[in-house]
Amino acid sequence: QVPDPRLDQAAKMFDELSDKELRPACQAHADDVRKKIDRAVLELLDLHHGTVPETLKTLQWLWCNEPSVHGQNVKALGLLKQN
């Protein structure tokens, strides 16, 4: 069986990130760990170039800006204003 370099890369990225603590979902757009996870997935899918990363950043902000996501959480709303 031929080793799959992407599988090895995925395992390495998982090992690096699996013990990190995530912020609440309503703060996902400002969570450095989530950003590292997103970058890792984009790299594994070979989507880490072009406009994809910036589009993902916009989608993260839009999702966190949804009232059903932020739930009027003061910290989450403050982070949205910063970005």
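The largest pocket holds about 170 Å³ of space. The structure is a predicted model. Its protein chain has five helices and zero strands, and the radius of gyration shows a chain more spread out than a compact globule.

**The largest pocket**
- Ten lining residues are named here: Lys35, Asp38, Arg39, Leu42, Glu43, His48, Pro53, Leu56, Lys57 and Gln60 line the largest pocket.
- Helix H2 (32-44) and helix H3 (52-64) each provide at least two residues of this lining.
- H2 contributes the most to the lining, with five residues.
- Sorted by class, the lining of the largest pocket contains five charged, three nonpolar and two polar residues.

**Helices H1 and H2**
- Helix H1 (residues 5-17) and H2 have axes that come within 10 Å and cross at roughly 175°.
- H1 is therefore roughly antiparallel to H2, because an angle over 145 degrees counts as roughly antiparallel.
- On the H1 side, the contact is made by Arg6, Gln9, Ala10, Met13 and Leu17.
- On the H2 side, the contact is made by Lys36, Ile37, Ala40, Glu43 and Leu44.
- The residues of the contact of H1 with H2 comprise six nonpolar, three charged and one polar.
- Glu43 belongs to this contact and also lines the largest pocket.

**The whole chain**
- Read from the N terminus, the elements of the protein chain follow the order α-α-α-α-α.
- The radius of gyration is 15 Å, well over the 12 Å that the globule rule gives for 83 residues, so the protein chain is more spread out than a compact globule.
- The C-alpha trace spans about 50 × 30 × 20 Å along its principal axes.

Terms used. Residues numbered from 1 in each chain as written. Predicted model: local features only at pLDDT ≥ 70, side-chain atom pairs only at ≥ 80, totals over all residues. Heavy atoms only, no water. 1 Å grid on protein atoms, 1.4 Å probe; cavity = no way out; pocket = protein on both sides within 12 Å on 5 of 7 lines; lining within 4 Å. Points joined across faces, edges and corners; volume = space filled by probe spheres on them. Helix = DSSP H or I, 4+ residues; strand = E, 2+ residues; numbered from the N terminus. Nonpolar A, V, L, I, M, F, W, Y, C, P; charged D, E, K, R; others polar. Axes fitted to C-alpha atoms, helices over the stretch in contact; angles between N-to-C directions. Parallel < 35°, antiparallel > 145°, perpendicular 65-115°, else oblique. Contact = heavy atoms within 4.5 Å. Rg over C-alpha atoms; globule rule 2.2 N^0.38 Å.
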